[in-house]
Amino acid sequence: MNTENGLPQFAICILEEQTQLTLADLCRACAVHAERIIELVDVGVLEPLGREPARWRFGGASLHRARMALRLQRDLDIDLAGAALALELLDEIESLRSRLRALGGEY
Amino acid sequence: MEFKDYYKIIGVARDATQDEIKRSYRKLARKYHPDVSKEADAEARFKELGEAYEVLKDAEKRVAYDQLGANWKGGEEFRPPPDWNAGFEFSGGDGADYSDFFASLFGKDFRAGGAGRASFRAKGEDHHAKVLIDLEDTYQGATRTITLRVPGVDAQGHGVTRERVLNVTIPKGIREGQHIRLGGQGSAGMGEGTAGDLYLQVEFRAHPLYRVDGRDLYLDLPVAPWEAALGATVKVPTLGGIVELKIPEGSGSGRKLRLKGRGIPGDPPGDCYVILAIALPPADTEAAKDFYRKMAQELDFNPRAKMGV
């Protein structure tokens with residue numbers, strides 16, 4: 001597929017709006033074994049729909065969260081529960097920053 | 001190449017103990033981790049920190065580094081001494097992207113660390129990058145040409161940075177922090193393996209009029225005192241064009257009015273909040289001054305009444 005300026009153009013989607021990622025998709029995208037993703041579900045970083053791992057379906061935002069938790073764990077030498085806490089606090093900071101920006105403040 | 005002062009980077013003295021090095025490294029790693037830090041150069045700092053720690057945490061590498069002497073300054077032009085490396089053999093490493101300084105001291109093989117686990121069929125690596133777009137792009141949807149700098153290897157095996165230009169369709173309604181996924185646009189796979197994907201994290205360029213919170217927009221709207229006091233219908237710029245807004249009689253500064261569905265498109269679309277800011281007409285002519293004097297005489301108004309003064 002090529003456009004007027006000769007550059008290829010790609011089929012794209014908004015990751016966060018996909019809701020059908022499987023355990024295998026997530027493992028591949030994060031380049032880790034399934035056990036690591038299961039641990040992330042156990043500590044509550046990821047909340048898939050479906051009962052058992054084979055039927056799990058993850059929302060698109062899970063990919064970014066999983067990668068971030070794994071990076072924090074690896075780089076800062078903390079356990080996954082610690083990474084989960086960091087993620088929750090970062091989420092909260094981000095939403096406060098966003099509110100502050102909306103009110104016209106600097107952060 | 002530039003000399004790197006690993007002790008300075010980690011923030012310890014040259015005679016620091018291994019425990020001191022570890023503590024200082026961990027503290028700085030938390031501070032500059034790119035997922036945590038908002039500082040612009042966090043990624044570069046974190047990388048530099050990792051490289052410094054890689055050397056100083058390892059007794060052999062630290063001894064070797066110390067042999068360069070204590071007189072070097074960070075950033076100084078550096079060539080390794082001719083007999084460098086004699087008697088040292090380094091191994092290990094996790095294939096991170098080290099500086100030329102590091103590679104010249106501890107060998108290029110370090111860069112390739114972790115190789116050898118490639119099988120014949122492996123999916124290519126996913127790539128991640130950020131893309132800065134205008135608020136208007138998410139309102140209408142748009143095609144943007146973006147340039148990515150991707151690391152590669154030239155014919156001589158040196159690490160180089162290549163530029164890659166892509167046309168990317170910005171989907172209508174995308175929000176700040178969301179990711180656009182371009183299937184198959186990451187690294188090529190090995191053997192029969194499919195290519196990796198490219199993920200672009202979306203950020204908005206600061207807009208001169210609107211502030212953004214999720215799908216909602218916020219706009220400060222200046223109004224004249226009589227518009228706020230008496231009520232009026234005024235024109236308001238929105239992403240979708242100019243609309244008319246009815247200002248209720250007796251509005252004060254800071255009053256928030258909602259233009260439903262005039263934010264970032266979606267299901268449901270965001271809203272545009274208009275925040276009134278009363279603008280005072282300047283008293284720069286005698287007539288205007290007389291007008292203010294007349295208000296002072298005729299209106300029984302104490303703006304500080306609630307303060308009891």
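In what pattern do the elements of chain A follow one another along the sequence?

**View 1. Chain A from one end of its sequence to the other.** In this predicted model, chain A reads β-α-α-α-α along the sequence. That makes four helices and one strand. Chain A has 107 residues, and 21% of them count as buried. When contacts in chain A between residues at least 6 apart in sequence are taken, 51% of them join residues at least 24 apart.

**View 2. The contact between chain A and chain B.** Chain B brings 29 residues to the contact, and chain A brings 26 residues. On the side of chain B that touches chain A, at least two residues each come from α2 (18–32), β3 (159–170), β4 (179–182), β6 (210–213) and β7 (216–223) of chain B. Which element gives the most to this side of chain B? It is β3(B), with five residues. By residue type, the side of chain B that touches chain A has 11 nonpolar, nine polar and nine charged residues.

View 3. Four strands make an open sheet with mixed pairing, in the order β1(A)-β4(B)-β5(B)-β1(B). Its edge strands are β1 of chain A and β1 (127–133) of chain B, and each of these pairs on one side only. On average, neighbouring strands of this sheet are turned by 30° against each other, direction ignored. Strands of a sheet pair through backbone hydrogen bonds, and the pairing is either parallel or antiparallel.

**View 4. The strand pairs around β4 of chain B.** How many bridges pair strand β1 of chain A with β4(B)? There are three bridges between β4(B) and strand β1 (residues 12–14) of chain A, and the pairing is antiparallel. Within this pair, the residue opposite I12(A) is L182(B) in β4(B). β4(B) also runs antiparallel to strand β5 (residues 198–204) of chain B, to which four bridges join it. Here I180(B) has L200(B) in β5(B) as its bridge partner.

**View 5. A second sheet, in chain B.** Are β7(B) and β11(B) parallel or antiparallel? They pair in the parallel sense, over seven bridges. L219(B) has V274(B) in β11(B) opposite it.

**View 6. The nonpolar cores.** The largest nonpolar core has 42 residues, and L26(A), V45(A), A66(A) and A69(A) have the most contacts inside it. Why does this core lie between domain 2 and domain 3 of chain B? Domain 2 (77–113 + 122–206) and domain 3 (210–307) of chain B both give residues to the core, so it lies between them. Leaving out residues up to four places away in sequence, A66(A) touches L26(A), C30(A), I37(A), L40(A), V45(A) and L46(A). Another core lies apart from the largest one and has 13 residues, including Y6(B), I9(B), I21(B) and Y32(B).

**View 7. Two loop residues of chain A with positive phi.** A31(A) is in the loop between α1 (23–30) and α2 (34–42) of chain A. Its phi is near 55°, a positive value in a residue other than glycine. Why does A31(A) count as partly exposed? It counts so because it has 14 C-beta neighbours inside 10 Å, where buried takes 20 or more and exposed 12 or fewer. D77(A) belongs to the loop between α3 (61–76) and α4 (80–102) of chain A. Phi of D77(A) is near 60°, again a positive value in a residue other than glycine. D77(A) is partly exposed because it has 13 C-beta neighbours inside 10 Å.

**View 8. A cis peptide bond in chain B.** Where is P268(B) found? P268(B) is in the loop between β10 (256–259) and β11 (272–278) of chain B. The peptide bond that leads from D267(B) to P268(B) is cis, and its omega is near 0°.

Note on methods:
Residues are numbered from 1 along each chain as its sequence is written. Chains are lettered from A and ligands numbered from 1 in the order in which they are written. This is a predicted model: local features need pLDDT of at least 70, side-chain atom pairs count only at pLDDT 80 or more; totals for chains, interfaces and linings use all residues. Two residues are in contact if their C-beta atoms, placed from the backbone, lie within 7 Å. Ala, Val, Leu, Ile, Met, Phe, Trp, Tyr, Cys and Pro count as nonpolar, Asp, Glu, Lys and Arg as charged, and the others, Gly among them, as polar. Two strands pair if DSSP finds at least two bridges between them. Axes are lines fitted to C-alpha atoms, for helices over the stretch in contact, and angles run from 0 to 180 degrees between N-to-C directions. A nonpolar core is a set of buried Ala, Val, Leu, Ile, Met, Phe, Trp, Tyr and Cys residues joined through C-beta atoms within 7 Å. Domain bounds come from an automatic or database domain assignment.
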